[in-house]
Amino acid sequence: LAGTHVDLYWYGRDAARARDILTAADEAVERLGDEMGVPIERRVRVYVYNSQRDMRPALSSRSESYDDRVLTLGVAVDEYTLLLLGTHRDVLRTAAHELSHIVVGIATDNPYTDLPRWLDEGLAMYAEGELPDDNRDALENAIAADRVLSIRSMTSYSGQASEVDLFYGQAHSIVSYLLDTFGRAKLHELLDAFTEGMRQEDALLRVYGFGLDELDDRWRA
């Protein structure tokens, strides 16, 4: 199936499901362009598998025990190709989330620095649409208990499994705050700064006039 930005490859009899995935993928790319100013210049290929068994030969193996324990819902195998487990209940969110990583990765590619995790995952969560209940609950509970994560600590992933839902919920909230308060153009300028290889402190100072700690204070307020 060919969409506006995405070519979807699928098999089996569930054509309606395939069309739903294509629609979600195209909408995610549109959202990244329209709401966040992150355009994509080439079409993205999405390959949809009907079972974990069918998908496994296409994935890079980590170890037999890891592959047996972990269910991979979606993975980008190169800068324009996404593999999806099409039968999982969260496939539409997974498609939007992983496409964000692809599109933003293309837009900010440089040989010097990667995007901080809070921004990369915040954009991906924003691309999904509404925040899932698990992430919203984790964020609201952390706010009520005054135990939200510092944004500085979110530059990389948390090693605590108990903080995963909070990490993603908070990343979504931070990106939403930047968009709602300062607008799309400023966020696009921030991504441009990262494309130049700037560190997050310098990029924030240039675009917004304040650094990471003040962003933390403003977002918390």
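1. Helices here are DSSP runs of H or I with at least four residues, numbered from the N terminus. Ser 173 sits in one of them, helix H7, which covers residues 164-182. Bear in mind as you read on that this is a predicted model.

2. What does the side chain of Ser 173 make a polar contact with? The partner is the side chain of Trp 219, at 2.9 Å. Once neighbours within four places in sequence are set aside, Ser 173 is in contact with Leu 139 and Trp 219.

3. Now over to Leu 204, which belongs to helix H9 (residues 200-208). Is Leu 204 buried or exposed? Its relative accessibility is 0%, and buried means under 20%, so Leu 204 counts as buried.

4. As for who surrounds Leu 204, leave out the neighbours within four places in sequence and you get contacts with Leu 190, Gly 209, Phe 210, Gly 211, Leu 212 and Leu 215. Leu 187 is 17 residues away from Leu 204 in sequence, and their C-alphas are 9.8 Å apart in space.

5. Helix H1 takes up residues 15-34, 20 residues in total. From first C-alpha to last, H1 reaches 28 Å, close to the 28 Å expected at 1.5 Å a residue.

6. Have a look at the buried residues of H1 too: Ala 18, Ile 21, Leu 22, Ala 24, Ala 25, Asp 26, Ala 28, Val 29, Arg 31 and Leu 32. Note that Asp 26 and Arg 31 are on that list. The cover over the buried residues of H1 includes strands E1 (6-9), E2 (44-49) and E4 (81-85), along with helices H4 (91-107) and H5 (117-128).

Conventions: Residues numbered from 1 in each chain as written. Predicted model: local features only at pLDDT ≥ 70, side-chain atom pairs only at ≥ 80, totals over all residues. Heavy atoms only, no water. Helix = DSSP H or I, 4+ residues; strand = E, 2+ residues; numbered from the N terminus. Expected span 1.5 Å × (residues − 1). Buried < 20%, exposed > 50% of the residue type's maximum accessible area, 1.4 Å probe, protein only. Contact = heavy atoms within 4.5 Å. Polar contact = N/O pair within 3.5 Å; in protein donor to acceptor, adjacent residues only side chain to side chain.
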